[in-house]
Amino acid sequence: MLRTLFVMDPLDKIQVSGDSTYALMREHRRRGWPVWMCTPHELFARQGQTWGHITPVDVTDAAPHFHPQARVDLPLSDFDVVWMRKDPPFDMSYVFTTYLLDLVPRSTLVLNDPRSIRQANEKMFALQWPELCPTTLVTREIRRALDFIDKAPGDIVMKPWDGNGGRGVLVSRRGDPNLRSMLELLTSQEQIWVIVQHYIPEILQGDKRIILFDGEPVGWMLRVPQPGDHRGNMHVGATVQACDLTERDQEICAALAPRLADMGLLFVGIDVIGRYLTEINVTSPTGFREINHLMDTCLEARLVDRVLARVQARKETA
Ligand SMILES: Nc1ncnc2c1ncn2[C@@H]1O[C@H](COP(=O)(O)OP(=O)(O)O)[C@@H](O)[C@H]1O
Ligand SMILES: [Mg+2]
């Protein structure tokens with residue numbers, strides 16, 4: 001049995017039908033294991049020990065899905081596993097939550113490793129493998145961005161470095177009279193960095209989400225933009241489709257695997273468009289429900305098996 005705490009968004013904010021955290025919690029309950037949750041707001045530290053105002057919760061297939069019980073103050077060291085599953089925005093509160101998780105003793109497995117969550121900004125981390133990424137410029141300077149766009153062979157994409165769910169991602173091209181104005185908006189008048197990237201036409205076939213456990217690809221699907229929108233994000237209406245894992249996809253996964261394993265990034269979702277890696281999602285990847293359906297698998301069960309094996313291995317070496 002595992003005693004697991006989920007640090008997550010409030011239960012009434014969870015869209016059960018597409019939520020991987022719900023699936024993970026449900027899997028624990030299916031095994032007869034207890035489950036607890038708290039939000040980042042409910043974490044606190046006393047004398048260097050992190051505690052939470054924690055809700056024991058039953059999780060069911062049938063509505064209302066979550067059945068919270070009375071909250072109690074508990075140290076996080078009481079748990080075998082603490083899952084950080086708060087959704088972005090990745091802001092200073094998010095970073096601070098990882099500081100609180102740093103204080104949890106090593107006898108508790110914190111996933112993903114809070115140091116690595118902090119280190120691996122989803123879009124910037126991918127650029128540590130530039131040969132796998134589309135040609136990319138990160139800058140605050142509008143002049144430099146315009147220069148890059150001038151020299152691009154085709155369309156370009158501009159996106160905020162801290163975006164998610166397709167928010168603020170724009171497609172444009174050399175000669176677009178809105179270009180300068182869009183860059184002013186995205187950089188807040190050169191106060192924040194923007195990511196400018198060559199546009200990959202294969203996005204029309206979809207943005208591939210590949211789920212990796214310990215760097216090993218375990219599930220994949222395509223998110224196809226809806227007509228009239230260029231973005232392959234489910235949040236903005238992209239539809240999901242089954243697909244294959246190509247040789248190139250496997251090459252990308254193999255290149256990332258040693259680093260991901262090394263950094264304690266057990267559960268990661270990468271985005272691949274055409275032949276290119278565009279994102280490495282480490283904070284709170286999703287896609288279990290859709291991939292389970294498309295690939296006839298149960299990713300949450302496979303993940304819990306891995307976590308259990310890891311906890312047991314740690315106990316043996318301790
Ligand atoms: N280089 C690119 N070429 C074509 N489309 C892109 C590119 N980068 C991003 N997009 C489009 O924007 C969407 C979101 O981009 P992404 O970088 O994954 O940011 P987010 O964190 O918002 O999901 C993608 O699904 C895709 O439709
Ligand atoms: Mg994305």
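1. Conventions. Residues count from 1 along each chain as its sequence is written, chains are lettered from A and ligands numbered from 1 in the order written. In this predicted model, local features need pLDDT of at least 70, side-chain atom pairs count only at pLDDT 80 or more, and totals for chains, interfaces and linings use all residues.

2. Domains. The assignment gives domain 1 (4-112 + 311-317), domain 2 (135-199) and domain 3 (204-281). Such bounds come from an automatic or database domain assignment. The centres of domain 1 and domain 2, taken over C-alpha atoms, are 37 Å apart.

3. Ligand site. Ligand 1 is surrounded by 23 residues (C-beta atom, placed from the backbone, within 6 Å of the ligand). Val-169, Ile-200, Ile-203, Asp-207 and Gly-232 are the closest. Domain 2 and domain 3 both give residues to this shell, so ligand 1 lies between them.

4. Helix 9. Residues 299-317 form helix 9, a DSSP run (H or I, at least four residues). Its 19 residues reach 27 Å from first C-alpha to last, close to the 27 Å expected at 1.5 Å a residue (1.5 Å times one less than the number of residues).

5. Leu-299, Glu-300, Leu-303, Val-304 and Val-307 are its buried residues (20 or more other C-beta atoms within 10 Å of the residue's own, all placed from the backbone).

Technical notes:
Helix = DSSP H or I, 4+ residues; strand = E, 2+ residues; numbered from the N terminus. Buried ≥ 20, exposed ≤ 12 C-beta atoms within 10 Å, placed from the backbone.
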